[in-house]
Amino acid sequence: MSGEGKVVCVTGASGYIASWLVKQLLQLGYTVKATVRDPNDPKKTEHLLALDGAKERLHFFKASLLEEGSFDFAVDGCDGVFHTASPVLLSSNADVVDPALKGTLNVLRSCAKSSIYQKAVALNGKPLTPDVTVDETWFSDPAFCEKSKLWYMLGKTLAEEAAWKFSKENRINMVAINPGMVIGPLLQPTLNESVEPILNLVKGVPCETNGWVDVRDVAKAHIQESENPTACGRYCLVERVVNHFGIFKILHGLYPDLNPPKEYSEEKASELTCRVSEEKAQSLGITYIPLEVSLKDNVESLKEKNLINA
């Protein structure tokens with residue numbers, strides 16, 4: 001893969017996944033137009049400016065999800081746009097829906113003038129039992145999300161739904177990357193809610209069952225689909241579905257001094273879960289970093305940033 005001579009836009013570039021995406025794009029020779037809410041905030045830019053190639057090929061643009069037209073200059077002249085800007089607030093209220101929905105449409109409107117992606121799959125009320133395989137045909141049910149007060153998931157679901165409608169009406173070539181719970185090392189200096197469950201497990205606090213995937217794989221998948229002319233539709237990215245007892249079992253193997261979460265047992269750690277189809281992701285040549293490696297790198301990254309005791 002080579003991005004020499006190509007210009008792409010990454011929205012919300014200071015975020016967890018976006019930071020890794022910017023890093024990998026720069027490594028491949030792309031010129032990156034990065035949008036952030038405040039280009040003068042060092043917490044949003046310093047870790048990106050330190051990346052190899054940033055001095056020559058990274059350019060910041062101020063943009064807001066709720067301000068129509070604010071992405072116009074960043075998108076103009078780009079070969080592709082990676083829309084990763086959306087607040088990851090898993091315990092949020094309904095206020096998170098508008099930035100996800102309106103922000104996605106604002107970015108697409110800018111794309112239409114010039115020349116998406118996550119908890120929008122499995123939340124539809126169906127039981128996720130061991131005999132179930134989730135694939136790209138699954139869509140979360142907005143009514144179920146709203147009734148369950150799953151506001152972040154509702155925002156992602158409505159945003160993807162609106163994005164598909166808009167892209168079809170405006171003949172925009174769109175691909176949606178739908179990762180599970182994203183973990184792995186952090187580039188940005190602050191903790192984000194995606195890796196907070198791992199921090200909680202290290203402290204002995206339980207979390208929910210999830211499909212897990214490494215942030216580096218998610219960033220790489222974005223690039224792989226953008227460079228593959230046959231890429232289309234949606235792609236689910238999950239290395240493995242494991243409950244929190246199973247995650248703790250792996251962590252305990254890596255760090256024997258950890259205290260188990262409440263009600264932990266070997267039997268619960270080995271309980272079967274649903275699975276996520278890998279066929280479509282494999283068609284792009286996507287392979288996954290093992291969950292064990294992602295967890296270790298995640299914890300070591302948290303240590304380096306003094307978010308947990310070494």
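Aspartate 297 is partly exposed, with a relative accessible area of 25% (buried is under 20% relative accessible area, exposed over 50% and partly exposed in between, with a 1.4 Å probe and protein chains only). The model is predicted: local features need pLDDT of at least 70, side-chain atom pairs count only at pLDDT 80 or more, and totals for chains, interfaces and linings use all residues. Residues are numbered from 1 along each chain as its sequence is written, and side-chain values use heavy atoms, leaving out hydrogens and water.

Aspartate 297 forms a salt bridge with arginine 216, with the closest N and O atoms 2.9 Å apart (a salt bridge is a side-chain nitrogen of Lys or Arg within 4 Å of a carboxyl oxygen of Asp or Glu). Aspartate 297 lies in helix α13 (residues 291–304) and arginine 216 in helix α9 (residues 215–227), so the pair ties together parts 81 residues apart in sequence. Helices are DSSP runs of H or I, at least four residues, numbered from the N terminus. Arginine 216 is buried, at 17% relative accessible area. Its side chain also meets that of aspartate 214 in a salt bridge (2.8 Å, N to O). Aspartate 214 is buried, at 1%.

The salt-bridge count is nine. One of them joins lysine 165 to glutamate 169, with 2.7 Å between the closest N and O atoms. Both residues lie in helix α7 (residues 151–169), four residues apart, about one turn of the helix. Lysine 165 and glutamate 169 are both exposed.

The disulfide count is zero (a disulfide is a pair of cysteine sulfur atoms within 2.5 Å). Cysteine 232 is partly exposed, at 45% relative accessible area. Cysteine 236 is buried, at 4%.

Methods
Helix = DSSP H or I, 4+ residues; strand = E, 2+ residues; numbered from the N terminus.
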